[in-house]
Structure formats: C-alpha cells, structure tokens
Amino acid sequence: MKLYRLIEELKGFKSELYGKDFLLTWEKSVDDLNTVLYVASILKEMRGLNISPRIFDSGLAISNFRDKSTRTRFSFASAANLLGLAVQELDEEKSQISHGETVRETANMISFLSDFIGIRDDMFLGEGNKYMRQVGEALDEGFAKGVLPVRPGIVNLQCDMDHPTQSMADLLHLVNEFGSIEALRGKKIVMSWAYSPSYGKPLSVPQGIIALMTRFGMNVELAYPEGYDLIPEIVDIAKNNAAQSGGSFRVSHSMVEAMRDADIVYPKSWAPFHIMQERTKLLMKGDKNGLKELEQVCLANNAKFKDWEYNEQVRTVTKNADALYMHCLPADISGESCAQGEVSKNTFERYRIKTYLEAGYKPYIIATMMLTNRFEDVGDLLLRVIERNTKRVAL
Amino acid sequence: MKLYRLIEELKGFKSELYGKDFLLTWEKSVDDLNTVLYVASILKEMRGLNISPRIFDSGLAISNFRDKSTRTRFSFASAANLLGLAVQELDEEKSQISHGETVRETANMISFLSDFIGIRDDMFLGEGNKYMRQVGEALDEGFAKGVLPVRPGIVNLQCDMDHPTQSMADLLHLVNEFGSIEALRGKKIVMSWAYSPSYGKPLSVPQGIIALMTRFGMNVELAYPEGYDLIPEIVDIAKNNAAQSGGSFRVSHSMVEAMRDADIVYPKSWAPFHIMQERTKLLMKGDKNGLKELEQVCLANNAKFKDWEYNEQVRTVTKNADALYMHCLPADISGESCAQGEVSKNTFERYRIKTYLEAGYKPYIIATMMLTNRFEDVGDLLLRVIERNTKRVAL
Amino acid sequence: MKLYRLIEELKGFKSELYGKDFLLTWEKSVDDLNTVLYVASILKEMRGLNISPRIFDSGLAISNFRDKSTRTRFSFASAANLLGLAVQELDEEKSQISHGETVRETANMISFLSDFIGIRDDMFLGEGNKYMRQVGEALDEGFAKGVLPVRPGIVNLQCDMDHPTQSMADLLHLVNEFGSIEALRGKKIVMSWAYSPSYGKPLSVPQGIIALMTRFGMNVELAYPEGYDLIPEIVDIAKNNAAQSGGSFRVSHSMVEAMRDADIVYPKSWAPFHIMQERTKLLMKGDKNGLKELEQVCLANNAKFKDWEYNEQVRTVTKNADALYMHCLPADISGESCAQGEVSKNTFERYRIKTYLEAGYKPYIIATMMLTNRFEDVGDLLLRVIERNTKRVAL
C-alpha cells in the first residue's frame, strides 16, 4: 500500500519542524523540507482513500490576510477544516501597518483558543516577514506567561521575502511530475520575469522559487530585464544553496536565451526591488500622488519589455519543446485576461491543467505545516490516524 | 414511527438526482421532486428527534453570492453545517461578470477540498444560469483530469431563470398545509404580480413557481399588468407542464379577478422581462446614467399599478376568504416596510407565521439537494443514519 | 482533582439561568453569577486537560455585531467552536436601526437551525438592550408557533446598558487574582473615568462594573469629572446592590483621591450620559453635521481633564502602590497608541500581561452563558463530559 510506503520513507528524515513557525524555506533543513513533501503526499493519499485526518475536536485557525487572496484563502480554509479547525478571519483596518503594542496585544487577543495563525503580508518590503516574527514573539510571551494554553503556530501565507506554501506546493508538483526529489537533480529550471500590464507584483514568488529549487541540485536560472532585481540577500542565499546542493545558479537577462534546454519554466511578472522599496516608503507615508506617479513610471518601464512573453516560439527552445510550464496563478494571459501578458493563450492552454494540479497541492502543504508544528512524531501520528480509520465521508 | 414511514414511501420513487447539479426544477422528473420533498421531510423529522445526519467529518461548502442575501445565506450555512461541512464564502469583485478563463480557473481553485458550491446569480438576465453551467463544466473537467478528488455538486441558490430552493420549500410548505402532494391536485394557486416601490426584482420566483406548481395537477394562474411578462420560454414550460400533469395554466391581467376562489395566493412584485433585458445590457456596459433613467421609467410605470395590493378586500374573493398567502420574504408591507406595497399590514399579519414556516423548509431542501447529489441510495443512507443514532445535542 | 472539586462546589448554587437570555447581570441572582464563574472555571480547566466539552454535533451560533469588535468577536467564535457550533455572522445594513417587523422576521429567518445569537448593539442609548429583547420576543413567538425547533438563547455581547461578558470575565479575573469570591469582600475597587483623545466611548463597561462588583461586598467607588455621569438608573442599581451585599458604593470627582488605598483600579474613558443621549438623537436623524459639532464640543471638554491619566504617580497612592490595574482593552496608552491617554506607558506595562489574562476569561464566560441557557443541570452535564473524555486534540 502506497500509504505505508510513504510513512516508512518519511521516518528516514529527521525534521526539526516541531514547535517552529514556518516562515522561510531557507530556515528549514533539507530533511524538514522532505518531511513536508512526504506528509503532504500522505494527506493527499488519505483523502483519496476517504480517511479523515481530523485531529482537532475543536479549535480555531486564524487567517490574517493583509492583502487580497482567493486561492491561498481557500487553501488555508481547506487545510484547517481537514484537521478539524474552524477558520476565523482577522479583518484589520487595511491601509495602516500596525506595530508595537497593537501587534503584541492583538496577537494574544485572537489566540486564547487558537491553534494556528496564517498570515499574508506581502505589500511592504522589509515589513511582512518582520511582522510575522513580531506576532510570533508576542505569542511566545503570551504562552510563557500563561495567557495562552498553547502557542499557536504561524504559517507564512506570503510575505515580502518568501511564499513558502506556494514554493513547497510547486516543489511537490515537480516531484510528482518527475517521479522523485532525486530526479530533479541536474534539471534546468528557469525562473523568468515576464511582461504584465499591472505593476507592484510581489517578489516573494521568484525569491521563494530560486531559494528553494537550489536546495536539490537543480540548475536554476533567474532571468529578468536589467533593473528588475530581487532582494540581493535572497539571491545570495540561492547561490549558496546551489553550491551546497551540487546544483548551479545563474542570473541572465534574456528570456529566450535562458529558456534554452530548460526542463521547467516559471515565467512570471514582478516589480523591481528598488521600485518596491520606493513604493513601501510611499505606502507608509500614505503618499497617494507619489504612488500614482511611481505606477506610471513603472508601467512605462515594463512596456519596454513586452517581448518577455512565454509563447509557442519561446517554448520551442526548451527541452524537447516541452518544458513543464509553471505558474502560481492567476497568470496574465495574452488575449485572455489582458491584451498582452506573461504567456500566450495557446501556450498556457497546453499546460493549463498542470497548473491546476500544481495549485492543488497547497491545501495539503498548509495542513502539513500545521501538523508538523504541533506533533513531534508526525509519522507515528499518521499511523494512528490510519489505524483509527475515521471516514471523511461516513456511512 | 413517522420517520420509518417516510423512508418507506421514499423508496417508491426512482430519482436520478445522483451526480447531477440542481439548477432548474423543470430538468428534474416528478420522482426527483418527490424524492427531494421526502428527504427534506425526513431531515426535518430527524432534527425534531435530535438525530444528527452529519455525514461529513470534514469538507467545505462554497457559497458564491453574486447578489445580496440573508435568508438563503443562512439556509445554505445551516444545511452545510447540518451535514458536517464548513462554509467558505467566495467574495468576488462585485460588479463585473467573470467569464471564460476566470470562471474555469476559479471553479477549480476553490474546489480542491470542496463538496458543494451554492451559487446565487440573479442580476443578469441570460447570464446567471449560464454561469452555473460554466462552473459545472469546469468542475467536470477538473474532476476528469484528476485536479479534483470529487466533483462538487452545484446548488442553484437563485438565478435569472429559477429559484429552485425557494420553490421547493414553497411546495413542501403546501404539502404540509394541504396534507399531501396528491391533495394539491385541482387546487387553484395564483402567482400574481403586486405593486412595490422598488424596481428590478428578479423574475426567478414567479417563474420558479409557475414552472413547478404546474407539475402536480394544480390550476395555476399567472396574473400581472400588461407588460410585466416573464421569460416566454418558461411560460411555455408551465403550459406544457400543466397539460402533462392534468392541471391547468392561464395568464390574466387583473389581480382581483385572478384571486377569485383561489386556494393559494402568491402576490409578489417583479420587473418586466423587457426591462430586465434592458437592465442587463446597461449593467454589462456599466452605464450608470442609463440605469438611473431606466429605474425612473420603471418606477413611474409601477406606480400606475398601486392597486395591485393584496389586502383584506382582495382576500374576501378567495376560497372561503382564506386562501393560503405565500411569500418568499421579505414582503413589501404597506404601512410597515413602505408606504404602499405588495400586501396590506393586517392581511400579512394573518399569515405572517405561515410565511415563516414556509421559509423554514429551505435549509432542509438545500441539505437534501446536497445529499441526493452525493449519495445514490439516499433512503438507505438515511436508514443507516438512524441506526447510527448520533445525537445532534449530545449527553 | 481540581475539576471535581469545582463541580462539587458548583452544585451548591441554585441557578435559574436555564432557558433565559443573558442580558443584564442585575437580572441574575448571586447564585446565577456564581454558577457562571464556576462553569467558566471548569471549562478553562478542561481545556488545560485536553478534555473537549463539545456538546453539539452541529448547529449555528449567530453573531450580530452592530458595532466593530475584534476581541469579543473572537471570544464568541471561540466559545461557539468549543461547544461544536459554527459561527454565522449576520451582516446588516450598517447605519440604520431596524425595528418592528424587520427585527421580528429576521430573528426567525436566521434561527431555523441556530442555537444561540450573540448581539452587540452599543451605539444607541436606550436602543441596544431594547433591540435584544425585541429579538428575544420574536424568538419566543417563533418557537411557540413551531417555526423554530429550539428557542435560541441570546447572549448580550455589549449593549447601551451593560457588557456582561466583559464584567463577568473581569470578575472571574478578580476571583483568580484574590483567591476566591469571598476574598473580594471589603476590597476597594475604583471605576474611574480617564482621559482619551477619542469620544463617544460606550457607558456599558463602567455601568457593568459598578453594577456587578457591588454584588459581592466590595467597596466600589465611581470617579469621574463633573458632567461625565452614567445612566442614573444603573447608578441606583449599584447603590442598592452595595446596600444588600454589605459593601459600599460612592461617587467622587477626583481620580487621585478616589484611587487612595484602592485594591483594584479600572481607569477607562467614557462619554457623558447627556452627550450619548444627544448623540443617539443625531445618529437616528442621520444628522452628520450635528454629529461633527457634538464631537468637537465633546473632545474640547475631554481635553480639560487630561490629568485624569493613570500613571506612576497615581499608582503610588493605591494599596501598597500596587493596586491591580484592569482594562477591557484596548487601552489608550500615552506615548504608545496616542500622545496622551488613559494610562501611562510604563504603568500599563507593569500590568499588561494581567490585562491579557483578564481578557482570556471571556471565551469561557460566553461558552458558559450558552451552556447554562441550554442545560438545566450543568453540573451533571459537565460530569458526563468528563466521563465521556473526548480529547480536544485527539491521538
């Protein structure tokens, strides 16, 4: 039975996820990451077998979306529900960043009977991940002082630095497409900027991808027009990862050249690092005119790179003209969701269902981050879940 | 025990509801409709006996309200909760209709761990029901391609054509008021337009009523001022239904005349078909001035028919001056919620509690649509629920 | 085992909470209030022991927040979830007060499968508590007439008169801080007005505190600048309570003088009674200019009393310079959340964690109000919960 084989293999990894928040993949060991992949696979397998992994008889999972979200919102709700938790959304005053006392207090006030907090905070460069850590410190204090009966685990649902539930779902998709994590070794993956008529898209997806995929011996190439840099520290992390894992990492500036012989391509728009820095300053000042001007400048600059579209022509240069196309969705599809965008309509259509499959791992990834935060021996827990054999759909 | 009798009788119907969305009552057989009535009655009976029909240990029921709703929203939430599902609302960008790629993609993105999707889309003539079918096709594809572990069932929570959860709740109310579905044969029911100071009320309720009540040998009369037509194709369906079921169907243009000797009256405002067509065009163009002008024209036209009020005088012409008054609520009550409206205050008061009872069937109707979509032999399922004997309120 | 001792002691009280809404503490007997304290303590104890008090296999708890709320919203959600209920929010049209028919009808429409309704309605003096009673009467009628299978219990989540979930949580905090309810006898508690740069804060917290704390033989002092009166009838209730319980009640007009030798201090801003009356009139008329003017007048008046700040200097006059500081949170903290406010930063910091502990009782208080409304012999129920021994976190 596949389920038992997966659990057996899971036991081979020494994870240190227990009791820790999941904020950045590069803070986690390779064993941690493998653990996440395996547990998520097991939960998905269980769902197919109608085995309910409901662990909580009651409890809340708090979601705190400081930016819009549909698919991550639903993935979080699905994950919480799968484990028996009810979702309660924290709907803040939107535009202002809350700091200091407010964060400390609110973190405790929402957590008296809560088990997990999922946070999306990706608008402000240098702020999102910091905010999550402030929440974490407040929860640590509340738990230590007897305010909270448990220390709720935090799941990063996208910040300014990383988007770990996305990148881990992407990685699990690759594992399933290529057969195993080992099979990814030596594969070429291109994280490429692509043109979009919108602006201000976060850097967390490309950063998350280059920092994660370099952990497993892949040949990672980051391609973008001059000026569309990511946060330098995270690019350095990717370089180091590649050196350690036996893979490679390079930066280049032509989509077509980068795509040559690629096994996997991830063409996606983002805003340049320095624009996001400027934008964060303006947002924090509440300078609406400044933001409008910046948007104009940025859109005009983007428009110089309309040829950064992934399409049938570019596809032909990839490995067997059939590199696996990836996207976190929604993609800006030329002639579909916009006049000209990140990907042509027919090229997207070739891989559309695969992008749905890719997205479909996210609920299991999030549920895994919850389980591994809370249970020290998750393999053992899952065995007991199988033995208990509660049906998700009863009777 | 009433419960066992109901289940025994339920077995007499051959329903084909399994695996099908519930979008229009006229796509369902009489056996299907009877099945819904019986299962809903059984669920209501169980509730009285403190037997929990919770079938799902986890799972999501998605609600997608593209128009405001209180009572259907609560009915949907109640139904989902009764079966063990958590509700997750899809809160879209409001004004724009999403088509093509977006619908296809979103339908899958929200469904990875979902069991049902309830949709209200009643603003745009020619669009609402179409949208539900687009969602359905997207789910079919997602399930066929392995994106979705189950094919979520769709429940129509009101579209431009029908409002089946309302009309089926209304029908179940009639069955309970008159004793049986057979007792409705030969009864006269009048679906009448009534004056309202508002405009743009959907056609789905009157359409749903005439198309459903003609299935059971009733004498259905549709009354409205000249010009306040419904969608012609659905009026034709009502005619054909009446012919087949041995009842009758006629259209007339005087409220008082129509009400004469009525056993049941359903006085309710709606907008004329051609106005709704015009309105849909303006809405889709986003023409706010055009919409304002149309509203003025329409309100002025409505005002010519202020005498279309159901009141004590009109009531006296009905059977024994005591026809059963029905309304989907909220009604526009003269001297209560508006200066002049669909029904006089004292006449409404006579039947107020009955309208509450009428509304009270909706949660069970929706739960039934979920169960019959998902389980092939619902009678057998319900027997096992009774045997299991889980208490809704334990201890 | 502490759990059994608490249940044993609980049996000593004769409560009449069964079947009654929890709207005002002064409508409840001392035995009722003790029952609430004990049941809440037992539920908190159970949580620590991982015993799930889930009583409902399904059911809805409706929340109706007619004013903003974060902590009470989360407390209500936590309480409902703890007992097995799903929360469904009633999101009304915001600005208008609904009366008459609408309340009567809506109350029934949301309650077909509901077990409890929590209501916050604190904006309109003379309206909030009245609204809750209207809802209650509508539910009584719906239940009597067979519309509702159960009569949902109402929990007052703050009205114009009282904030019983807050004051009862505050009282339970005091019981835990001082060791027992008996230990509170003779203790001096000061409910003091404090300066805030905002205006229009409800009177329900100070009113709730003076009316509740006078029930247990405490010496209660209410201090405020001349003109900042509370509702006179509730001040009279506090006086009578004190006379009956063997405590005392006095009103004074200097924060520092009042604080002298206090065991407990509760410095918190509120708007004067006559201003709230004026404001209610303007709100109901929708007079925006009038409201703006009133705000200016009120803020200007507040500014005369900036020295009503609880700080290190004032603290020194309290018992052992260490009176227990209480607040319903969020507090207006000088130099933290505002330039000058109710409490100085360093004084608040001394008691910050204690205010979190204080807030942490609220979910258990609300769950208790639900349980005692629904089960006649709660002590017996809790014993059976312990015997059943369902784990909140399974496996």
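Do the copies meet through the same surfaces or through different surfaces? They meet through different surfaces, because only 3% of the interface residues of chain A are also interface residues in chain B.

A word on conventions. This is a predicted model, in which local features need pLDDT of at least 70 and side-chain atom pairs count only at pLDDT 80 or more, while totals for chains, interfaces and linings use all residues. Residues are numbered from 1 along each chain as its sequence is written, and chains are lettered from A and ligands numbered from 1 in the order in which they are written.

On symmetry: chain A superposes on chain B by a rotation of 120 degrees with 0.0 Å of shift along the axis, at RMSD 0.0 Å (least squares on the C-alpha atoms of residues with pLDDT of at least 70 in both copies). That is the relation of a three-fold axis. Within chain A, A:A86 comes closest to the rotation axis, its C-alpha lying at 4.4 Å.

Turning to the interface, the contact (C-beta atoms, placed from the backbone, within 7 Å) takes 30 residues from chain A and 27 residues from chain B. On the side of chain A that touches chain B, α3(A) gives the most, with six residues (helices are DSSP runs of H or I, at least four residues, and strands runs of E, at least two, numbered from the N terminus).

Finally, A:T318 is found in the loop between α12 (312-315) and β9 (324-325) of chain A. A:T318 is buried, with 21 other C-beta atoms within 10 Å (the cut-off is 20 or more, with C-beta atoms placed from the backbone).

Conventions:
Contact = placed C-beta atoms within 7 Å. Buried ≥ 20, exposed ≤ 12 C-beta atoms within 10 Å, placed from the backbone.
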